[in-house]
Amino acid sequence: MPSPELVCTPAQTVGPFFGLGLPFPSDSALVGADAPDAVELHGAVYDGAGVMVPDALVEIWQPDPTGGIPRAPGSLRRDGRSFTGWGRAATDTDGHYRFITVPPGPVNPGRPAYFAVTVFARGLLQGLFTRAYLPGGEIASDPLLSNLDPDRRGTLLCIAERHSGRTRYRFDIHLQGPNETVFLAYRDRRR
């Protein structure tokens with residue numbers, strides 16, 4: 001009698017579930033590509049050996065350009081016009097991810113703007129939380145950035161680029177290793 005195939009459970013890995021239940025149409029397009037203020041947030045996810053991770057999932061939450069928190073319904077049923085402030089992108093076979101969105105505004109006046117980022121990948125039992133700060137913000141005014149060692153602070157800063165007339169922000173995520181991204185821990189599940 002052949003032995004039964006052993007199947008991974010959610011507590012063992014998150015990988016097999018990404019392709020089955022998490023993608024949806026326009027999941028990484030928080031606005032339409034033709035929106036006048038559209039920007040691209042993109043990058044790659046790297047493992048501890050510096051190898052790109054081809055099966056990670058990146059989620060972002062963000063305010064609108066004025067710093068307002070979106071309250072519009074429809075995150076899973078995008079209409080191409082409404083900005084809901086949330087998106088999800090799977091990495092491609094080369095470990096890259098990409099979002100089309102609008103630049104976030106600062107939620108607190110005088111503080112730098114950022115994307116809130118969560119990363120899911122094989123071997124992680126829970127998502128990792130971090131931030132991707134836009135360049136040019138006042139670092140000293142942000143409690144998190146101002147308290148980080150300057151060598152570690154750079155792991156939270158986007159790099160501005162221009163491509164085909166569009167503003168792009170590159171934010172690479174290193175899960176481990178010498179360039180490990182600063183990840184956040186929340187007490188009492190408060191964010």
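Modeller: What follows is a close look at the nonpolar cores and at an aromatic pair.

This is a predicted model, in which local features need pLDDT of at least 70 and side-chain atom pairs count only at pLDDT 80 or more, while totals for chains, interfaces and linings use all residues. Residues are numbered from 1 along each chain as its sequence is written, and side-chain values use heavy atoms, with hydrogens and water left out.

A nonpolar core is here a set of buried Ala, Val, Leu, Ile, Met, Phe, Trp, Tyr and Cys residues joined through side-chain atoms within 4.5 Å, where buried means under 20% relative accessible area, exposed over 50% and partly exposed in between (1.4 Å probe, protein chains only). The largest such core has 29 residues, and those with the most contacts inside it are Leu41, Val45, Tyr97, Phe99, Val117 and Ile173. At least two residues of this core come from each of β1 (39–46), β2 (57–61), β4 (96–101) and β5 (114–120), strands being DSSP runs of E with at least two residues, numbered from the N terminus. Leaving aside residues up to four places away in sequence, Ile173 touches Ala44, Val45, Tyr46, Val58, Tyr97, Val117, Val119, Thr181 and Phe183, a contact being heavy atoms within 4.5 Å. A second, separate core of six residues includes Tyr133, Leu148, Leu156 and Leu184.

Tyr133 is buried, at 1% relative accessibility, whereas Tyr114 is partly exposed at 25%. Rings of Phe, Tyr and Trp (its six-membered ring) pair if their centres lie within 6.5 Å, with planes under 30 degrees apart counted as stacked, over 60 as edge-to-face and the rest as tilted; by this rule there are three aromatic pairs. The ring centres of Tyr114 and Tyr133 are 5.1 Å apart and their planes are at 50 degrees, so the pair is tilted. Because Tyr114 lies in strand β5 and Tyr133 in strand β6 (residues 128–133), the pair ties together parts that are 19 residues apart in sequence.

Note on methods
Helix = DSSP H or I, 4+ residues; strand = E, 2+ residues; numbered from the N terminus.
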